[in-house]
Every structure is written in structure tokens, then in C-alpha cells.
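Here are my notes on this one, in numbered points. Have the viewer open while you read.

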Amino acid sequence: MKSSYREAVRAGIRDALQRDPRVFLMGEDVGAYGGSFAVSLGLLEEFGPERIRDTPLSESGFVGAGIGAALGGMRPIVEIMTVNFSLLALDQIVNNAASLLHMSGGQFHVPLVIRMTTGAGRQLGAQHSHSLEGWYAHIPGLRILVPATLEDARGMLWTALEDPDPVLIFEHGSLYNVTGELDDGAGPVDIDTAAIRRPGGDVSLITYGGTLPAVLEAAEQLADAGVDAEVLDLRTLRPLDDDAILASVAKTRRSVVVDEGWRSGGISAELSARITENAFYELDAPVGRVCSAEVPIPYARHMEAAALPSVERIVAAAREVTGNGG
Amino acid sequence: MGDFLMPSLGADMDHGKVVEWLVKPGDYVRRGDLVAVVDTDKTTMDVESFQEGVVADLLVAIGQTVPVGTPLARIAQTPAETGHPAPEPTPSPEASPTPEPAPPTKEAPTNEAPMAPPVRHLAHQLGVDTAGIRGSGKNGAVTRADVEHARAARRGGRTRSSPRARGLAAELGVELAGISGTGPGGAVTESDVRRSAGSRQPAPSTPAEVKAPRQEAATAKPAAAGERVASLRRAVGTLMTRSKRTIPHYYLGTTVDLRASLDWMQSVNARRPVADRLVPSALLLKAAALAARDVPDVNGFYSAGAFRPSAAVHLGVAVALRHGGLVAPAIHDADTLTVDELMKKLRDLVGRARAGRLQRAEMADPTITVTNLGDLGVESVYGVIYPPQVALVGFGRVMEQPWAQDGLLGVRPAVVATLSADHRVSDGLRGGRYLARIDELLQQPEEL
């Protein structure tokens with residue numbers, strides 16, 4: 001079945017709404033307008049205003065309402081338009097959703113799923129383009145999912161709803177229009193493991209979410225140059241699948257982390273640190289990183305492109321760590 | 001061009017004698033560098049330069065006494081002003097050809113660590129570039145020791161190398177120095193070490209690399225065979241040297257009564273065609289494998305300071321090659337094979353080992369090795385452990401011997417089983433249990 005990433009996400013939401021009457025979707029413009037990125041288009045007509053709920057322009061308010069609903073036995077899916085706006089709900093997400101289980105001595109789970117768009121590449125300016133999922137991966141009590149493929153876009157939501165604790169799903173805005181074949185039987189997928197999207201022996205390109213297509217393209221170019229790159233899609237940023245990361249690095253002995261977030265203090269730094277801590281003696285080169293330029297993501301097309309990890313930069317970084325020995 | 005004058009080294013000094021020149025024409029001097037040793041009647045003192053540049057001429061010969069203020073040497077601002085080529089890359093290439101009158105702030109890199117003049121002089125003498133030295137002295141000052149370390153580091157040819165390359169080099173007994181690196185920044189990588197070791201284990205990932213050695217081996221000429229033997233000998237030597245240097249071996253031996261085993265074997269063989277008959281070593285290997293499963297302290301690898309026991313028993317079998325040398329390929333999961341399967345594998349393995357057709361996995365992963373020198377008439381063998389394994393089992397010749405039991409003397413077939421084991425991992429108690437377990441197993445051959 002031909003599907004876009006957007007349709008795959010929608011299929012996942014529809015599936016969840018059908019499976020469990022406790023599931024409902026709420027957020028800004030998710031109903032009548034069909035979602036800011038048209039993800040929930042048609043769902044209001046199908047499921048009615050009780051289950052597809054438009055909210056006021058108040059992230060802190062409706063995320064808090066979602067937490068309350070979850071505590072009260074519902075399985076809310078809260079959509080926040082972009083990760084930048086989720087900052088308005090940080091108190092609810094970090095101080096409440098992520099902390100209540102701990103602070104209640106294990107009594108109160110918060111089975112909440114928050115979906116949001118992340119990332120740049122669409123000329124939406126700094127306030128709509130940042131990649132802050134690495135920040136959330138810092139927070140104990142949250143699970144952070146970064147679906148990069150149609151299968152994950154379709155399948156991660158239900159598994160996340162089954163998790164008794166809060167899960168944040170980051171959908172990269174540049175992926176919504178990506179289309180491909182999605183198996184008719186596609187359904188829930190695991191949310192614990194990283195996946196090798198392309199096996200290789202010379203260097204591990206470790207990435208997730210929106211940069212996966214560029215990394216796969218870079219791997220093809222590297223193959224032409226005789227460098228056999230392995231592409232590891234993290235899928236989940238918290239908890240990280242250390243075993244998969246270390247196994248890949250132990251095999252290739254070199255790695256480049258590709259992350260659209262900023263380099264300083266980012267998830268790429270965490271990955272680099274873990275690799276160095278746990279696989280130091282396996283390494284044949286320092287861990288390389290390709291991240292976004294340390295600026296608020298620019299609006300102008302050429303400047304935005306220059307700020308983001310590009311195929312060229314990924315190829316160059318991989319060539320750097322593989323040296324001239326290949 | 002400036003002159004270096006005989007200084008006044010005390011209010012009462014009016015002349016001095018040059019007893020030693022510490023520089024020669026063409027040398028580069030900085031402010032504070034020692035230039036000469038001067039005798040002042042009272043004492044001899046090191047004299048430093050107040051300018052920088054290249055020494056153009058020495059005007060006063062050693063032993064000459066001159067009044068204070070006499071020019072002793074000419075110091076030029078740039079090498080071009082002297083006839084001499086600069087012997088070393090000058091730290092700061094002064095672009096302007098026009099000489100400037102002693103610019104004290106122009107030259108020195110501002111981030112340079114403070115350094116006492118004698119230390120700077122030492123650095124110059126030793127040809128050490130002081131720019132990169134991190135001082136360990138007061139206020140980060142560079143000390144004499146720092147300079148000497150820097151020089152030693154350079155002399156020793158500290159080679160940039162990856163952690164993996166260093167680990168592999170130690171494993172293979174290869175010197176890192178002298179290997180030219182192909183990694184980032186010219187660092188020595190794993191593949192550089194392998195190349196240097198002349199290893200025939202190309203990384204399987206690069207298809208280009210895999211083909212070449214294959215063809216080479218197939219068309220190897222007899223002349224090359226001798227070379228190969230020599231290199232194999234060297235490899236064995238390196239490995240065994242490393243083993244003896246790094247593994248604290250301890251040795252145990254016990255004589256095992258084989259009557260039960262051989263009786264059982266003969267009764268089985270009596271019903272079989274010759275080709276399918278068992279030989280005693282198959283029983284010994286099986287017992288060694290089973291015992292290794294039961295006493296895990298002898299089965300596994302020691303690396304990076306820790307023992308990793310292995311759940312599987314891959315029994316390495318030492319095979320002497322016809323032209324000399326030794327390999328010890330593995331029979332995988334030997335503890336799970338029947339004695340017959342083990343016999344078959346052993347035959348296959350020895351045949352292929354001698355034909356040089358072992359697979360890489362067989363070479364790489366034995367978890368414990370057995371050497372059996374019984375065929376050669378050896379009574380007992382205390383072997384050297386193959387790193388990173390932690391034990392080596394030896395069997396000698398099966399021979400009849402007088403055997404005292406329950407106050408009676410009889411004659412039994414027996415074999416000396418020995419264990420060389422790594423004391424970092426196990427001790428005599430565990431090792432003893434291992435040998436005792438072999439003995440037990442061989443008393444019930446039908447259970448093997």
C-alpha cells in the first residue's frame with residue numbers, strides 16, 4: 001500500500017481510537033482544521049468532537065488537561081504543533097508528567113502520549129524549526145520516540161499508548177510528505193530498540209528521525225567511494241539502545257553521530273560519551289559528529305540549508321574518521 | 001643587525017673573558033637565551049641575549065678578555081641578513097625584510113608558557129619546539145623536565161594510534177612506532193596494524209581486500225613456502241613470548257587410569273569396521289571438553305583486565321604442521337558432540353590444518369586448547385597458554401604402567417593429564433577440580 005508518513009501517522013491514530021475507547025486526541029486545530037500539518041484530517045468527521053478535541057491556544061493548559069485525563073484513566077494523545085511551543089508546557093511535562101510516578105511513590109502512572117513536530121528544513125523560521133527532542137531525552141520519567149520510517153510512524157503510537165508512563169513522539173516536519181510502500185498489515189512496533197537501516201562494516205552512522213534520509217543517501221555515496229557505512233536508526237532517544245549502538249561500533253570501530261540538534265550539550269554529545277565510555281578500546285578513530293550550526297535556524301532557504309546536516313557534511317565526516325585507509 | 005656586548009655582571013666588573021660560546025653562527029636566539037659563558041675573575045657566568053635573531057658572527061674568540069661593552073657577536077634580525085641558512089624553521093617568520101630595532105613584543109606567541117632562560121636554552125639545544133609544551137612548574141612555567149619529556153616523546157616517535165590499534169598491536173606483539181598511519185590525522189588504525197603484522201586476516205568488510213590474499217595463497221611457490229614457515233614460526237614465537245610474559249602460569253598434573261575407557265573403546269571398536277573405529281584421543285578430547293563445561297574457570301578469555309567465561313566450549317586442538325609451526329584451530333561446541341562426531345571433526349580439522357585450509361572462525365575462537373603429544377612418545381606435556389585463553393590441557397602417551405590400588409599392584413593403561421592455567425583467573429583448587437573431573441569422566445566412558 002502506497003502511503004505517506006502523514007497518512008501512516010493518521011492510520012496509527014485511527015487504529016488507536018478504534019482499539020480503545022479511552023483514547024482521544026486533543027490539541028490546537030486538530031479537529032475542524034484537520035491539524036496544522038493535516039495529520040488528523042478527517043478524524044473529526046469519523047470520531048466526533050468528543051474524541052477529536054480542539055483546544056485553546058494554551059499549551060500549558062491542554063497538556064495539563066491531558067495529564068489529568070491520563071491520571072483519571074483515559075489514554076490521551078496530545079498534539080503540540082511544534083516542539084518550540086512545547087516549551088510553554090515544560091512545567092506540565094517535566095514537573096508533572098515525568099515526575100508524578102516518582103513523587104507518588106509509584107502510585108500514579110501518567111499514561112499520556114504527546115505528539116509534536118520537530119525539526120527544520122521548511123523555511124518556517126527559528127520559532128518553528130528547532131530540534132529539542134534531545135532536551136527531553138535528558139528527563140528521567142519520559143520515553144522519547146523519534147519515528148523515521150513509515151512503519152514506525154504507523155506503529156509506535158499504539159505501543160506508546162500501552163506504556164503506563166508518559167511518552168513523547170517527535171515527528172520531523174520534513175518527513176510528512178515522504179511516501180513509500182507500507183505493508184497492508186503494518187501495525188504496532190516495538191519502542192525499545194534501535195534498528196540497522198543499512199548494514200555495513202567500515203563506519204557506523206548513528207542517527208534518528210529527520211536526518212535518516214540524508215544519512216542513507218550519504219551511505220550510498222560513501223559506498224561508491226568504497227566506504228561501507230552502517231546506518232543505525234536510534235528510534236528511541238530515551239532510553240537509548242546501548243547494546244545496538246555498541247554492537248555496531250564494535251563491528252565497524254568508527255562512528256559518526258548525525259543529529260539535527262545542536263552539538264553543544266546535545267544528544268549527539270551523549271552518544272559520543274557513551275561510545276567513548278563503553279567502547280573506547282574498540283575505537284579506531286575519534287567519534288565524529290555532524291550537527292546543526294549553533295544558530296537559531298535561519299529563515300532564508302540557503303542559510304537554513306547551510307545550517308543543517310547535509311549529505312556532503314555527513315560524507316565528509318565519515319571520510320574523516322575512516323581516514324584514507326577506508 | 002644588533003651587537004651582543006660584553007655585559008657588566010657586577011658593579012665592579014670592567015672586563016670579562018669569553019670561556020665558552022653556547023651558540024654558533026646561524027643559531028636562532030631569543031631574548032633570554034644563553035649565548036656565552038663569561039669569566040669575571042670572581043666566577044664564571046652564563047650570559048643571555050637581550051635581542052632576538054640569528055647569530056651572524058662571533059667577534060670574540062674563546063679565551064679572549066675584553067672590556068665591558070665590547071661587541072661579542074652580531075645578531076641579525078632575519079636569516080637573510082646572515083650568510084647562513086636558518087637551521088630550523090624559525091618560530092615566527094618575520095615577514096618584513098627590513099630589520100626592526102629589537103621588537104620585544106613582536107615575536108613571542110602570546111600564549112606561550114613562561115620559561116626560565118636556561119630552560120629555553122636547553123630547549124634550543126635539544127631542538128625542542130617549546131610552543132606545544134605544557135608547563136608543570138610554578139604558574140605553568142615550563143621546566144627542564146618538561147623540555148626533556150617533550151624531547152623524549154618526540155624521540156620515542158610517539159605514534160598517534162587508535163585505542164583499537166593499540167590493543168591489536170599488543171595482541172599481535174607488533175611495535176606501533178614506525179607504522180605509517182592511514183587514519184584520521186595520520187593515526188595508526190587497526191588495518192594499519194594488521195598490514196604491518198603481515199596478517200592474512202583482512203577485514204571481511206572491504207571486498208577489495210578479500211580477494212588478493214586468496215589468489216596469492218593458491219599460487220604460492222615453494223620458495224614462498226619456506227618464508228611462510230619462518231613467518232609462522234615468528235608468529236608462534238611472538239604469541240608464546242607474550243603468553244609467558246603476561247600470563248602467570250601454574251601447572252598441575254595427574255595420572256589417569258584408562259582401563260575402563262580403553263576396555264569400553266575396544267568393545268565398541270570390535271563391532272565396527274576399521275574406518276569407523278575410535279582412538280583414545282577422541283575420548284580424551286571429549287573428557288577435556290565436558291570438564292571445561294563443568295569447571296568454567298578454565299574456559300574463556302582474559303582480556304582488558306578481566307576474565308570472560310565462555311558458555312560454549314570451543315576446544316582448540318594443537319596441530320603440528322608438517323613443515324614446522326603449530327596451529328590450534330577449534331572444534332566448535334565440542335562438549336555437545338558425541339565421541340563419534342568429535343572423531344570425525346578432529347580428522348577433518350587436522351587434515352585441513354595441514355592443508356592450510358582452516359576457516360577464520362576456527363582459528364579465532366577456541367576457548368581452551370588441548371595438546372596431545374602422546375603419538376610422539378612424550379609422557380607428559382606442560383604447555384604454554386594461547387592468549388587470550390586461560391588454560392591449556394596436555395595429554396601424554398597412553399602407556400601401561402604399574403598401578404597400586406587397594407594394596408595390590410597391577411598393570412594399567414594410563415595417561416598423564418596436565419593443566420597449565422592462568423593464575424589471574426583460577427588457582428590450584430579449581431585447576432585440580434578440572435583434572436579430577438577429567439579423571440571421573442574417563443572412568444565412565446559410556447557416558448561420554
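**Notes on the predicted model**

1. Start with a helix pair in chain B: helix α3 (residues 163-172) of chain B and helix α4 (residues 190-197) of chain B pack at an angle of about 25 degrees, with their axes 8 Å apart. That angle makes α3(B) roughly parallel to α4(B) (under 35 degrees counts as roughly parallel, over 145 as roughly antiparallel, 65 to 115 as roughly perpendicular and the rest as oblique). Axes are lines fitted to C-alpha atoms, for helices over the stretch in contact, and angles run from 0 to 180 degrees between N-to-C directions. Helices (H or I, at least four residues) and strands (E, at least two) are DSSP runs, numbered from the N terminus.

2. Which residues of α3(B) and α4(B) meet? Arg164(B), Ala165(B), Leu168(B), Ala169(B) and Leu172(B) come from α3(B), and they meet Glu190(B), Asp192(B), Val193(B) and Ala197(B) in α4(B); contact means C-beta atoms, placed from the backbone, within 7 Å. By class, this contact of α3(B) with α4(B) has six nonpolar, no polar and three charged residues (Ala, Val, Leu, Ile, Met, Phe, Trp, Tyr, Cys and Pro are nonpolar, Asp, Glu, Lys and Arg charged, and the others, Gly among them, polar).

3. A word on conventions. This is a predicted model, where local features need pLDDT of at least 70 and side-chain atom pairs count only at pLDDT 80 or more, while totals for chains, interfaces and linings use all residues. Residues are numbered from 1 along each chain as its sequence is written, and chains are lettered from A and ligands numbered from 1 in the order in which they are written.

4. Now chain A: an open sheet of seven strands runs in the order β3-β2-β4-β5-β7-β6-β12 (chain A), with mixed pairing (strands pair if DSSP finds at least two bridges between them). The edges are β3 (52-54) and β12 (236-238) of chain A; each has a single partner strand, so one side of each has no neighbour in the sheet. The twist averages 20 degrees from one strand to the next.

5. Within that sheet, β6 (residues 143-145) and β7 (residues 167-172) of chain A pair in the parallel sense over three bridges. Arg143(A) sits opposite Val167(A) in β7(A).

6. Helix α1 (residues 5-19) of chain A lies across β2 (23-27), β4 (75-82) and β7 of chain A, at about 135 degrees to β2(A).

7. Finally, the contact between the chains takes 17 residues from chain A and 16 residues from chain B.

Notes:
Two residues are in contact if their C-beta atoms, placed from the backbone, lie within 7 Å.
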